[in-house]
Amino acid sequence: MSNYHIKHLEEYYQVYRKSIREPENFWEEVAEEHFMWQKKWEKVLSWDFTKPEVKWFEGAQLNITENCIDRHLATRGNKTAILFEPNDPNEEAQHITYKELSERVNKFANVLKNQGIGKGDRVCIYLPMIPELAISVLACARIGAIHSVVFAGFSSTALSTRINDSECKMVITSDGSFRGAKTIDLKGIVDEALKDTPCVQTVLVAKRIDSIIHMESDRDKWLQPLLDDASSDCKAEVMNAEDPLFILYTSGSTGMPKGMVHTTGGYMVYTAYTFKNVFQYREDDIYWCTADIGWITGHSYIVYGPLANGATTVMFEGVPSYPDFGRFWEIVEKHKINQFYTAPTAIRALAKQGSELVEKYDLSSLKTLGSVGEPINEEAWHWYNDNIGKKKSPIVDTWWQTETGGIMITPIPFVTPTKPTYATLPFIGIQPALMDENGQEIRGNQVDGRLCIKFPWPSMARTIWGNHQRYRDTYFSAFENKYFTGDGALRDEVGYYRITGRVDDVIIVSGHNLGTAPIEDAVNEHPAVAESAIVGFPHDVKGNALYGYVILKDTGESRDHNNLRKEINQIITEHIGPIAKLDKIQFTQGLPKTRSGKIMRRILRKIACNDTTNLGDTSTLLNPEVVQSIIDGTKNSN
Ligand code: WTA
């Protein structure tokens, strides 16, 4: 018998040891006992991190939607699968049962087929958090089409880049979206994006806000009439375990966003197994993850992980501040939420509002609290623990990445004693290593280094869409035979891990990964800008905010700096999205550079953080005099 559900610390250590000693036997047992396969695998695992190539459950055949939907119908047909809470608290919540989900996914899958979509085709989904988002994801999986969900806060340029990179044949969107008191013209953004996307043949449009929109004849189709005509029977496509399930883009420190490719069998097994244990989900629990399905957290822990366990998963369309900052707690009370999973940035924003809005609501249903996306600072951790969990609901601080597919380092609630700001112990099957700058593993406790993973786990991304070399260079070249996460971490005296943050040029703002290079590229598009450098600095709600150093072209004319700041942020909004706007912009004459011409970001980071006492050795710079002028100029940043 596999230990599908871990219940105490001794059991954790015992199962962990087994998963490390005999990984293949361990995962084989989990896969065999808890999932539905059409054909069993020939080999549990083959791997080679030098290529890199990783295959789990090779030779097996399955369809993930049979595991997430069909197999629950006999016993859980009338159980709520998706509980949809609309943006407007006065609009009624929808309880979509497993039976209804099955019908809606099958109909949608037939619509995709009728529109010429088949196995292996890429479909871009650009939708707000409405049921059609989860349903279209599952409909793609049903027929073996590869979904590429793009977060609906991204701009038209960001959308078209992602559509073209994976050559999507179809885009699924809606007329618009509700976001608090605002509506957003999503279809307008799609129209703009599709001006330069020759691969797209069809756009399916769901109706959400009833706005009047442009429909391009031959290309754009309203979804509802097509669904009305479609059959609710759709045989699940037979997929190989290693067939791609989806692509999800994440920012790199340089260049284009990376289309991380996740495959079917291993991803299913790992997300389901982690969901069950990390949230200690029990049959009648109501689970709510506040992420958007546009991010990996939503893929793995709103859609696939929960549904593979037959859980009830909440989808919330709105924002934490509408109609007021008590909305999250109102929803917890209304739906008697048992597990609540959110991001530190949301916790900090809510903590700022004080506890009055929390005290109005009955939060006694909560059993487990989760945190994800960035390091949770001590203050936020205690506020969450005291005010939301009332010191009786363990906080699971879950560290993982788009690339890892599932949670990697985390406490197991009621099993692992928690410690503020620590993600604590590796999950079952995960072998972390801390590395020094010379590429040596640092053993023992009370050490810190660069966080790597030494052994494959089932849900790791297999490649970057269309660019395997980049996959290898980014993740498998820094340290021999290891997956490099890009994060730094420390290990305390008992072996608990604390993630200290990125060690590359990715900055996490409000839990969103932003690469500095694409933002600098956008800033440099401004006709008055000669060069720019962007760094992060601490922000009390967002975790980090962005600080831009900008060199203007020397035209002899004087320019209004405040106008320029607005224009630069406008360009960033158009190219990437409002999440990448700069909080501060400092105009400067120069940037500190090494003799090989590389910008010394370490110095810029320190200046942005107002920490100029120890800038290190600046004598090797090409232009050491520029440092003082930048320090003097900080008072004019805005
Ligand atoms: C950071 C989100 C500290 C980390 C699932 C990682 C965290 C990046 C935590 C991945 C955490 C995520 N503590 N840092 N609990 N969770 N991170 O791809 O830097 O959006 O590399 O995946 O977020 O972000 P991504």
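Which of the 17 residues around the ligand come nearest? In this predicted model, local features require pLDDT of at least 70 and side-chain atom pairs pLDDT 80 or more, whereas totals for chains, interfaces and linings use all residues. Residues are numbered from 1 along each chain as its sequence is written, and side-chain values use heavy atoms, with hydrogens and water left out.

Asp397, Thr398, Thr402, Asp487 and Arg502 come nearest among the 17 residues around the ligand; a residue counts as near if one of its heavy atoms lies within 4 Å. By class, this shell holds seven nonpolar, six polar and four charged residues (Ala, Val, Leu, Ile, Met, Phe, Trp, Tyr, Cys and Pro are taken as nonpolar, Asp, Glu, Lys and Arg as charged, and the others, Gly among them, as polar). At least two shell residues come from each of helix 11 (296-308), strand 20 (395-398) and strand 25 (497-502); helices (H or I, at least four residues) and strands (E, at least two) are DSSP runs numbered from the N terminus. Domain 1 (35-422 + 461-485) and domain 2 (502-636) each contribute at least three residues to the shell, the bounds being from an automatic or database domain assignment.

Pairs of N or O atoms within 3.5 Å are taken as polar contacts; within protein, one atom must be able to donate a hydrogen and the other to accept it, and residues adjacent in sequence count only if both atoms are side-chain atoms. The side chain of aspartate 397 places an N or O atom 2.7 Å from a nitrogen atom of the ligand. For threonine 402, a side-chain N or O atom lies 2.5 Å from an oxygen atom of the ligand. The protein buries 96% of the 530 Å² that the ligand exposes when taken alone (Shrake-Rupley method, 1.4 Å probe; for residues, only the protein chains shown count as cover).

Asparagine 309 lies in the loop between helix 11 and strand 17 (312-316). This residue is buried, with a relative accessible area of 10% (buried is under 20%, exposed over 50%, partly exposed in between; 1.4 Å probe, protein chains only). The side chain of asparagine 309 reaches the backbone oxygen of alanine 272 at 3.0 Å.

A cis peptide bond joins tyrosine 322 and proline 323, with omega about -5°.
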